[in-house]
Amino acid sequence: MSQTDSAATRTPDSAAPPAPLADADAAALAKGGRTNFLGFLLRLVARLPFLYFAGRWYGPEAVGRFAFAVLVIELVAQLATLGLKRGLAEQLSAPGADHRIVVWDGMFVAFVASAAGSAILFAFPQLMFPAGDVAGWDRWMATTVFAIAGADIALAACAYRYDIGATVRARSVVEPWVISFAAFGFAFYSLRDGLILSYAAAMIATFFTALVPMVRHYGGPGVWRPHPAQLISLARRNAPLAAADAIEWGTRRLDLFILGQFTSPAIYGIYYMAQQVASLPQKLKTSFEPILGPVITRNLAEKRLGAVAAQVSQVGFWIIAAQAGVALALGIPGEAVMGLVGPEFVSGTTALAFLLAAEVVAATAVVSEAALVYVARHRNLVISLATLALQAALSVALILVARSMGLAPIHYAAAVALALMLALGFASVAKAWLLARILHAPVNSLRWALVWATAGAAILGWGATKLPEWAELLFGIPFILGIYGWLIWTRGFGPADRALFRKHPEPAEAPAG
């Protein structure tokens, strides 16, 4: 057991049952959730044009090529943040920390790591484009690593000051609208490079949108100078957290990588588009991540472990309730949703259903990990590694079973999606159990109301699939969301849950440092 783990279990509060959320914590979590839920809706509206243009104008082959390049670039960017997306809150919470120096140290470390990663990709562009058709702007895509990693650090710094609006502007307004408009414009320049150029434009715009509020909160670098000893210590301390972040990211990309080894770019492109649709409810989960980390670190610093268990359970239920509703609304009329992207993509409907279910299943693991990365980072890393290994084994096994049955390659996409859902289910059970054991308090985000609301929405929403495709999308999706929302509100939400929709006094900002 690590020193962090031991300290957690020795605290006097550790044996206490989960306390109700403190007013300030409830205000912070509810305000952050409301703000980012609005961001989710904005992102949903803004992302749809990109899916339409990519699917209908560029086609599955171009989408598949683009998807693999983005997969590699985002992996390198994830590693370049060195775990500071979540670890920065812990560094800023340290007694006597100079917030400006901590933030710019983090940005400098991320840029150094980005330089190393982008140099490798620039020298070996075949890592991004394994088909070998490297030309035009392909090699320069490596430089987007700086923008992705830098935006992550800047938004993590803003979240510590409870500025969730910065994340909404960057991730839910600028990023999706820029990539949608750019995909439209670059289609007239090159159907080969248009998607890649659109992605680069969106990442650069997102970085500068995130950098402005960060500078407003902490100031510019000014007379700041790198502190080599502190930077080395920071990188070493964050290694387990960086690995956990990379593994968590990897579980959402391993399916793409494995599928790419067994299918053509066209099948790969169809699965990628299904994944993009399924990632829309995933943004609901990330709605709480920027605010949950700072709230948890403050309660851990005050040894209020029971409060941490209550926060994880409460936010977990909010996320699952919201994700289940969106998953039903997109999954029940799944053929119509995929058909909106393009007729060639309808065959990915089964994969879409499994991917949407996986997002719901994963919620408990994500909120539990939000605390585990501070109290049991090494054991959390072990569970994450086990999850990744289980996903890989299940993916290959299910693809081989589908192949032995003579099924068409599109069924391989459903196989890797099912493997992802099963692996994330394992992670949710294991991480919730570990966190409850460390905090000596129950961690449970599931309620029977979720079952009744899901069943009611599924039964009544099935009728929407009998409508014409346009009506299924225009009327069916709002109807399913409405039925589900009414059931979960009347049968599942108690007074504490409804705090999410009430205005609270503004929570106090973090110390300026």
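Here is a short chat about some helix pairs, a salt bridge and a surface patch.

Modeller: Welcome! This is a predicted model, where local features need pLDDT of at least 70, side-chain atom pairs count only at pLDDT 80 or more, and totals for chains, interfaces and linings use all residues. Residues are numbered from 1 along each chain as its sequence is written, and side-chain values use heavy atoms, without hydrogens and water.

Biologist: Why is α15 called roughly parallel to α17?

Modeller: Helix α15 (residues 349-375) and helix α17 (residues 410-439) pack at about 25°, with axes 7 Å apart. Angles under 35 degrees count as roughly parallel and over 145 as roughly antiparallel, so α15 is roughly parallel to α17.

Biologist: What makes up the contact of α15 with α17, by class?

Modeller: That contact has 23 nonpolar, five polar and two charged residues.

Biologist: And why are α3 and α4 called roughly antiparallel?

Modeller: The axes of helix α3 (residues 84-93) and helix α4 (residues 99-123) come within 10 Å and cross at roughly 160°. With that angle, α3 and α4 are therefore roughly antiparallel to each other.

Biologist: What makes Asp138 and Arg65 a salt bridge?

Modeller: Their side chains meet at 2.6 Å, N to O. Asp138 lies in the loop between α4 and α5 (144-160) and Arg65 in helix α2, 73 residues apart.

Biologist: How many salt bridges does the structure hold?

Modeller: The structure holds seven salt bridges.

Biologist: Which residues make the nonpolar surface patch?

Modeller: Leu48, Tyr52, Trp57, Phe184, Phe188, Leu191 and Leu340 make this patch of about 670 Å². Patch residues have over 30% relative accessible area and no salt bridge, with nonpolar side chains joined within 5 Å. Helix α2 (residues 23-80) gives the most, with three residues.

Methods: Axes are lines fitted to C-alpha atoms, for helices over the stretch in contact, and angles run from 0 to 180 degrees between N-to-C directions. Helices (H or I, at least four residues) and strands (E, at least two) are DSSP runs, numbered from the N terminus. Angles under 35 degrees count as roughly parallel, over 145 as roughly antiparallel, 65 to 115 as roughly perpendicular and the rest as oblique. Ala, Val, Leu, Ile, Met, Phe, Trp, Tyr, Cys and Pro count as nonpolar, Asp, Glu, Lys and Arg as charged, and the others, Gly among them, as polar. Patches are made of residues with over 30% relative accessible area and no salt bridge: like charges are joined within 9 Å, nonpolar side chains (Val, Leu, Ile, Met, Phe, Trp, Tyr) within 5 Å. Accessible areas come from the Shrake-Rupley method with a 1.4 Å probe; for residues, only the protein chains shown count as cover. A salt bridge is a side-chain nitrogen of Lys or Arg within 4 Å of a carboxyl oxygen of Asp or Glu.
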